[in-house]
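Trainee: I have the sequence and the model open side by side. Please take me through how to read the features in it.

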Amino acid sequence: MNVIKSIGRLTSGLPIFFLIIYLFPANAYCTQNNAPVIVNKPKIKSAEHSNNTKLNDAIEAVRESIKKNAKNSAAYIKLGGLFLKNGDFGEAAAAYKSALKINSVSNEAKVGIGTVMIKENKLKVAEKYLKSAIVLNPHPAKAYYLLGIVYEKFKDYKNAVKQFKMSIKAYRSSKNETY
């Protein structure tokens, strides 16, 4: 107790309560001989871990759906999106390509592959898939936007701006369209 009184005098008016909280954190308690003991509480799982668990659960659910109906291109597109979100670009590309095998005119699958190729810095391949997606659907805001990113990375700013403008125009013409 003398130590606390001495510290109290040294702090020149600092409330002793706050000093005690500083010296003895919330995870501390005192034993019978007044020696502080720090209790290490188990760490709570982080939000990132929780999100990864949910993402892995979603991936497994889509895989189960595909086992039931292997010709469901929408399920492969969903799976590709989940892999893309998880950062597994190889698996994402494979899922999108499986969707294209089922439905060769799938705009969403081509945009998905274009997105993966941009992430992997395979810009020529991305350009090919995104241009193909635009031919299939002349108002895909996302495809124009991604193609603008490709041109920007090529340092072709004139075409990049053109694609970004087309993206805005396509978005405004159809607010419900995502691809």
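Mentor: Start with helix 5, where the buried residues are A92, A93, A95, Y96, A99 and L100. Buried means under 20% relative accessible area, exposed means over 50%, and partly exposed lies in between (1.4 Å probe, protein chains only). This is a predicted model: local features need pLDDT of at least 70, side-chain atom pairs count only at pLDDT 80 or more, and totals for chains, interfaces and linings use all residues. Residues are numbered from 1 along each chain as its sequence is written, and side-chain values use heavy atoms, with hydrogens and water left out.

Trainee: Which helices do the buried residues of helix 5 pack against?

Mentor: They pack against helix 4 (73–86), helix 6 (107–119) and helix 7 (123–136). Contact here means heavy atoms within 4.5 Å.

Trainee: How many helices and strands are there in the chain?

Mentor: Helices (H or I, at least four residues) and strands (E, at least two) are DSSP runs, numbered from the N terminus. The chain has nine helices and two strands, in the order α-α-β-β-α-α-α-α-α-α-α along the sequence. Of its 179 residues, 31% count as buried.

Trainee: Which residues have the most contacts inside the largest nonpolar core?

Mentor: A nonpolar core is a set of buried Ala, Val, Leu, Ile, Met, Phe, Trp, Tyr and Cys residues joined through side-chain atoms within 4.5 Å. The largest has 39 residues, and L79, Y96, V116, I118, L130 and V150 have the most contacts inside it. Two or more residues come from each of helix 3 (47–68), helix 4, helix 5, helix 6, helix 7, helix 8 (141–153) and helix 9 (157–173). Helix 8 gives the most to this core, with eight residues.

Trainee: What is L79 in contact with, leaving aside its neighbours within four places in sequence?

Mentor: With those neighbours left aside, L79 is in contact with I59, V62, R63, I66 and A95.

Trainee: R63 is in that list. What does R63 form with E60?

Mentor: Side chains of opposite charge can pair when their charged atoms come close. A salt bridge is a side-chain nitrogen of Lys or Arg within 4 Å of a carboxyl oxygen of Asp or Glu. E60 and R63 form one, with their closest N and O atoms 3.3 Å apart. Both lie in helix 3, three residues apart, about one turn of the helix. E60 is partly exposed at 41% relative accessible area, and R63 is partly exposed at 33%.

Trainee: How many salt bridges does a search of the whole structure find?

Mentor: The search finds four. Among them is the pair K131 and E127, at 3.4 Å from N to O. These two residues are four apart in helix 7, which means a separation of about one helical turn. K131 is partly exposed, at 40%, whereas E127 counts as buried, at 12%.
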